[in-house]
Amino acid sequence: MPSMVKILALSLAISESAIGAVMHPPGNSHPGTHMGTTNNTHCGADFCTWWHDSGEINTQTPVQPGNVRQSHKYSVQVSLAGTNNFHDSFVYESIPRNGNGRIYAPTDPPNSNTLDSSVDDGISIEPSIGLNMAWSQFEYSHDVDVKILATDGSSLGSPSDVVIRPVSISYAISQSDDGGIVIRVPADANGRKFSVEFKTDLYTFLSDGNEYVTSGGSVVGVEPTNALVIFASPFLPSGMIPHMTPDNTQTMTPGPINNGDWGAKSILYFPPGVYWMNQDQSGNSGKLGSNHIRLNSNTYWVYLAPGAYVKGAIEYFTKQNFYATGHGILSGENYVYQANAGDNYVAVKSDSTSLRMWWHNNLGGGQTWYCVGPTINAPPFNTMDFNGNSGISSQISDYKQVGAFFFQTDGPEIYPNSVVHDVFWHVNDDAIKIYYSGASVSRATIWKCHNDPIIQMGWTSRDISGVTIDTLNVIHTRYIKSETVVPSAIIGASPFYASGMSPDSRKSISMTVSNVVCEGLCPSLFRITPLQNYKNFVVKNVAFPGGLQTNSIGTGESIIPAASGLTMGLNISNWTVGGQKVTMENFQANSLGQFNIDGSYWGEWQIS
């Protein structure tokens, strides 16, 4: 690894493939693990994989600062399609609470249970059932075969025992001679992001309407115990790789990050390797989870090379367009729940100072954030917020989020006229936040835990138009309760966040949501508390192939209550539940659609 870093530091103006070509020595030694030897990685114009020789297989406690949690269950290899010449791709792993348990301060000993029992962090039975999420990423431009093997050498079963989600996209699956399964992944300029699930490794979530239970109750979701997600990413376009020179680029060295190491140059570059915030704001060392990177105002581009794993968070101060690109990982695993950057990063919620993985609190106006390629792991709170000026937009693609087990781990804010496409988000809060006009979201895959809706439009009265959401795949949900304040629904609008407010009949929301697939037993399609009019609100081509929840908890029922002086211009078409079309004859709360909309809106909406 040191020689690799030296090579990269000497030659900064390099292409993505050049980075990969020198960065991937396989490692035979895995501290704290029982992993065996590995094959070589490969990096060329056809595909590129990478490896960490500090992988630590550990399902119970925090990993060492310089290590990366490695999947205890899976190994992944990639080959050019049909050549049977496989190369390793590192398999990362995330566990609920990151092995820290319920702690209040980042300096508290792991599993010391210092977080007050009154604080609900969104995690309950997940650690006790061994729930975890693994992922592997590689870059590619040709058809490839992805082989998945069990690390203990056991067979993963036959192809008929495998489900790949989203199920709306089909893959050829075969069995390998060594007990693995092989998935043919076609070349795709937009990349492919999918969950690989084994029928012998599923956990059925049961709820009594208040909490998960291990017996009795109703089925509210089914997930893999040992989840595995594959991110097959296109190589970055040249415009998303900064032109780096010694004069304009601060090149980080793998290892501890001390205050100010990030310098003041235009570009902050993380070569392959593992990095962690080492000091608190006072400069005391060995204080994991007690600081984040506050960039100099000159720095506008953060580039995470493939194989870069950064344990920290990024705050921008620039007044120009700003960037986060590259196929590296930004991990919040060292932070406690709701880490409050204004209070020594302890677990005290603050809407203004609890840490975001991507943050800007001093916008200048007229700025755009470009985010192409990164993966974030284990966020402690809301994942992205930019404040200080309304003149902000974003261009987000090939952006992935995993290990979002805590409450309030949402998708990024989608600011006016933003374009978001080809993303995969594991969330335990609102996934797609529609608070502004002109936004476009397409080809989004959402893995939802149990808090807030997939699409959120509420909390205050809004004037929104020109929004499109197309090709939305919801591959998992597991809502515990029937909720309207934090809606248990695909499309939701919460009541007012602040007190003393009233609906505004001068405002309206207009948007189009199309080509939605919800897999498994689905929650309601709508839970809307109207805070303004809905005008030309189009929802079309929605499929719930596994049906709606029909349990006594009531999570399958769509609810739109009356709101004096407001209109509900809702147009639903081609909505199917279990393959059967919902119509004006069977939409009712006690029928196929379970659609409970107040009678005062009659004549303003339709289902066809």
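A residue counts as buried when its relative accessible area is under 20%, as exposed when that area is over 50%, and as partly exposed in between. The exercises below apply this rule, among others, to a predicted model.

**Exercise 1. The disulfides**

State how many disulfides the structure has, and find the handedness of the one between C43 and C48 and of the one between C518 and C522.

*Solution.* 
Step 1. A disulfide is a covalent bond between the sulfur atoms of two cysteines.
Step 2. The count comes to two disulfides.
Step 3. C43 is joined to C48, with an S to S distance of 2.0 Å. The torsion about this S-S bond is about -95°, so the disulfide of C43 and C48 is left-handed.
Step 4. C518 is bonded to C522, and their sulfur atoms are 2.2 Å apart. Here the torsion is about -120°, so the disulfide of C518 and C522 is left-handed.
Step 5. Both C43 and C48 are buried, and both C518 and C522 are buried.
Step 6. When the bonded cysteines are counted along the chain, the pattern is 1-2, 3-4.

**Exercise 2. Salt bridges**

State how many salt bridges the structure holds, and describe the surroundings of the pairs E333 with K311, D430 with K433 and D351 with K349.

*Solution.* 
Step 1. Side chains of opposite charge can pair when their charged atoms come close.
Step 2. The structure holds 18 salt bridges.
Step 3. In the pair of E333 and K311, the closest N and O atoms are 3.7 Å apart. This pair links distant parts of the chain, 22 residues apart: E333 belongs to the loop between strand 26 (329-331) and strand 27 (339-340), and K311 to strand 23 (residues 308-311). E333 and K311 are buried.
Step 4. For D430 and K433 the closest N and O atoms are 3.1 Å apart, and both residues are buried.
Step 5. For D351 and K349 the corresponding distance is 4.0 Å. D351 has a relative accessibility of 42% and therefore counts as partly exposed. K349 has a relative accessible area of 38%, so K349 is partly exposed.
Step 6. Salt bridges may also form a network, as they do among R97, R102 and D121.

**Exercise 3. Backbone details**

Locate the cis peptide bond between R165 and P166, and examine Q338 and T471, two residues with positive phi.

*Solution.* 
Step 1. The peptide bond between R165 and P166 is cis, with omega about 5°. P166 lies in the loop between strand 9 (162-165) and strand 10 (172-175).
Step 2. Q338 is not a glycine, yet its phi is near 60°. Q338 is located in the loop between strand 26 and strand 27. Its relative accessibility is 6%, so Q338 counts as buried.
Step 3. T471, also not a glycine, has a phi of about 65° and lies in strand 40 (residues 464-476). At 28% relative accessibility, T471 counts as partly exposed.

Definitions and conventions. Residues are numbered from 1 along each chain as its sequence is written. This is a predicted model: local features need pLDDT of at least 70, side-chain atom pairs count only at pLDDT 80 or more; totals for chains, interfaces and linings use all residues. Side-chain values use heavy atoms; hydrogens and water are left out. A salt bridge is a side-chain nitrogen of Lys or Arg within 4 Å of a carboxyl oxygen of Asp or Glu. Helices (H or I, at least four residues) and strands (E, at least two) are DSSP runs, numbered from the N terminus. Buried means under 20% relative accessible area, exposed over 50%, partly exposed in between (1.4 Å probe, protein chains only). A disulfide is a pair of cysteine sulfur atoms within 2.5 Å.
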